[in-house]
Amino acid sequence: MNAPVGLYQYQTADREFLASRIAEFEGQVQRRLSGDLTEDEFKPLRLMNGLYLQLHAYMLRVAIPYGVLDSRQMRKLAHIARRYDRDYGHFTTRQNIQFNWIKLEETPEILRQLADVDMHAIQTSGNCIRNVTCDQFAGAAADELMDPRVHAEILRQWSTLHPEFTFLPRKFKIAISGSPHDRVAARFHDIGILARPGENGPLFRIFVGGGLGRTPLVGHELFDSVPEADLLMTLEAALRVYNAYGRRDNIYKARIKILVQALGIDGYRKAVEHELSLMNPEHYRLDPETVAAIKARFAAPDLTASPDAESRLKADRQNDIAFDRWVRSNTHPHFAPGRIAVTVSIKPAGGIPGDATSDQLDRLADLADQFSFGELRITHLQNVVLAHVAQDRLLKLWQALNAIGLGDANHELIGDIVACPGLDYCALANARSIPIAQKLSARFGDNALQEEIGKLRINISGCINACGHHHVGHIGLLGVDKRGEEFFQITLGGRDDALSRTGDILGAALPEDDMVDAIARIVDRYLSVREKGEQFLDTLTRLGDAPFKEAAYETV
Amino acid sequence: MKQFDLAPARHPAPASLEIIPVAEMTETTRAIRLTPEFDVETLGTALDHLDLIIVSFPIFRDGRGFTQARALREYYGFAGEIRAEGHLIPDQAQFLRTCGVDCVLLEDDADTTPWLKALSLFPVTYQTRLGLR
């Protein structure tokens, strides 16, 4: 078996399954065209195959399970962007990729092409369990306790066409991490899972009822230490309570967070425990053999590096300030000596966050082959990770990235903006998120300035559905419509790490025209009042938002 | 209306049974129709004298009936007939069958071809591959 590094190697049964799924979807399209299916009936079926109707066209969201793909798959995505779309794709905050200009009639062919490389668009939308997201440094990070990808794959399989949970009250998002530094925003998911090794196998800490959207809520701990054998049983029980009792009368009250809020975490836990008491554990047990068989379909890379890799990187950094800066912002320590994990910023100055051209996708595939065992990951900040780069070859990689315009040193800095598609694409939006992201990114484009400003995340949502996660931006912007004019409301202090909280509204919304200057004034104020060693959130915590409020509204 | 069998019924109920809304059932009731919000646990020992339980789908997107059917089979060992009625689409055939539903009630002129086709897709599911149930 010539398995890809970092992701599950498909077998015949998986490919037969995809073929069945495409045949099913083709039949559904035909029945829609013949009138056997109403639009109301067809809509959830196409959504569960990733097909949305946006403002101007159909959008196809392709699943990248736990954010990992191989170079052959990336090249196929490039081909789809080139052949069926407008020569670019957009990486999403759920580690997927979407194509914004798809023709309905070409969709079955696109799905067949995806299936050729073991990809699909299943459950990237709809009121079902969505693509499971995962730590972008899984299996690489020095701080990791346990590689969560095997269990992420198990969750993918378990949730795929689940007989009972395909018509839930609302969408259901699951994230899993194996690091003590929560990099998946576990507390902002319907279910967030933190995995760790235990004496007798893996243990899972499960959070429930978090989410953003109209009602941002931090999730509660449901169980602290679920053993591997009981993982699926526990999730089934949790979902069963939600399927039976989640609200279906109001789409804005239908997420599990509202049910958990209504019952209280203790009440909800009691209901889940009651389900568990009725279930036969034998029917749900996740056997170690099953786990081992899935694990065996992941190839492990040979991570040995040349003994002088670290010293050579050190020398390279001394010779080039810009490279040194990029290494500081865009790499993460690897557990293997001589290796390093790289975040490729898909946020060039003035660019559209998360958009990559077909040529860039192809080149990223090439670079993955040359530098990281053909493996790539998409992050929930809409960037790309090459996880296993040899340190002595890092300079070469950076130079190659610069050649395709993806060498910016801004990961987790002010230029690493997360923005929803906004009114440029989305029928729900009040405001255009992308132009303001581009203007901010251009204003703070200088990489040295970005480093000086330090860790500062801007998240932009074009409406209260919060797809740009503005609630968890250190600076969050929410588009609102005021008598036909685009305004933005500012929130400060949101974060989605282990200290998760939602940001506080700074004051009245400002007109789009004044937004970039207002953010610049906030940043300037921060730079003038911060103490040595402080990041933006530290200063905000120390001083409160008064100085920033004053700065933001200075000239208004 | 006509019945479409998803699976050979475990215990097909006699056709002549009078179907009573669950809220009005008595000790002699043998066939009931559930409402989606009904908690099947409250049926208790009444299950022993039921031959037929109907799970209702007011709209196909309302998936509560799947959980009701599953609970009836799995938690309470109900061995009578479970029938689904209401707004259902053929694309749900396998899910219904897996959750323990024996048959669906369709309009007399409904085409059963897509239902048969739906049942023939996905011979192996991921859940069974994982060893569940």
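Predicted model: local features only at pLDDT ≥ 70, side-chain atom pairs only at ≥ 80, totals over all residues.
A hairpin of 4 residues links β1(A) to β2(A).

Of the 5 residues of β2(A), 4 are buried, so the strand is largely enclosed by the rest of the structure.

## The antiparallel sheet

Strands β1, β2 and β5 belong to an open sheet of 5 strands in chain A, ordered β1-β2-β5-β4-β13, with antiparallel pairing. The edges are held by β1 (51-53) and β13 (355-357) of chain A; each has a single partner strand, so one side of each is left without a neighbour in the sheet. On average, and with direction ignored, neighbouring strands of this sheet are turned by 30 degrees against each other.

Strand β4 (residues 88-91) of chain A runs antiparallel to β5 (residues 97-102) of chain A, and 2 bridges join them. A:Phe91 stands opposite A:Ile97 in β5(A). Two helices of chain A pack on this sheet. Helix α3 (residues 71-84) touches β2 (58-62), β4 and β5 of chain A, and its direction makes about 15 degrees with that of β5(A). Helix α12 (residues 358-371) touches β4 and β13 of chain A, and its direction makes about 85 degrees with that of β13(A).

## The mixed sheet

Another open sheet in chain A has 5 strands in the order β6-β7-β8-β9-β10, and its pairing is mixed. Its edge strands are β6 (133-134) and β10 (220-227) of chain A, each of which pairs on one side only. Strand β9 (residues 201-208) of chain A pairs with β10(A) in the antiparallel sense over 5 bridges. A:Phe204 stands opposite A:Val226 in β10(A).

Helix α6(A) packs on this sheet, where it touches β8, β9 and β10 of chain A, and its direction makes about 150 degrees with that of β10(A). Helix α5 (residues 149-159) of chain A lies across β6, β7 (174-177) and β8 (191-198) of chain A, running at about 160 degrees to β7(A).

## The nonpolar core

The largest nonpolar core has 200 residues. The residues with the most contacts inside this core are A:Ile176, A:Ala238, A:Leu386, A:Phe488 and B:Ile53. Helix α6 (residues 231-245) of chain A supplies the largest share, 10 residues. In soluble globular proteins, nonpolar side chains tend to be buried together.

Leaving aside neighbours within four places in sequence, the contacts of A:Ile176 include A:Val132, A:Cys134, A:Pro148, A:His151, A:Ala152 and A:Leu155. A:Val184, A:Ile193 and A:Ala195 are also among the contacts of A:Ile176.

## A:Asn243

A:Asn243 lies in helix α6 of chain A. This residue is buried, because 25 other C-beta atoms lie within 10 Å and 20 or more are enough to count as buried. A:Asn243 and A:Leu168 are 75 residues apart in sequence, but their C-alpha atoms are 5.5 Å apart in space.

Apart from neighbours within four places in sequence, A:Asn243 is in contact with residues of chains A and B. From chain A these are A:Glu164, A:Phe165 and A:Leu168, and from chain B they are B:Gly63, B:Arg64 and B:Thr67.

## Contact between the chains

Between the two chains, 33 residues of chain A are in contact with 28 residues of chain B. Helices α1 (12-34), α2 (39-47), α5, α6 and α8 (281-284) of chain A each supply at least two residues of the side of chain A that touches chain B. Helix α1(A) gives the most to this side, with 8 residues. By class, the side of chain A that touches chain B has 15 nonpolar, 11 polar and 7 charged residues.

## Domains of chain A

Chain A is divided into domain 1 (12-116), domain 2 (133-294), domain 3 (309-403) and domain 4 (418-552). The centres of domain 1 and domain 4 of chain A, taken over C-alpha atoms, are separated by 33 Å. Their contact takes 4 residues from domain 1 of chain A and 5 residues from domain 4 of chain A. On the domain 1 side, this contact has 1 nonpolar, 3 polar and no charged residues.

Notes: Residues numbered from 1 in each chain as written. Chains lettered and ligands numbered in written order. Domains from an automatic or database assignment. Contact = placed C-beta atoms within 7 Å. Nonpolar A, V, L, I, M, F, W, Y, C, P; charged D, E, K, R; others polar. Core = buried A, V, L, I, M, F, W, Y, C linked by C-beta atoms within 7 Å. Buried ≥ 20, exposed ≤ 12 C-beta atoms within 10 Å, placed from the backbone. Pairing = 2+ DSSP bridges. Axes fitted to C-alpha atoms, helices over the stretch in contact; angles between N-to-C directions.
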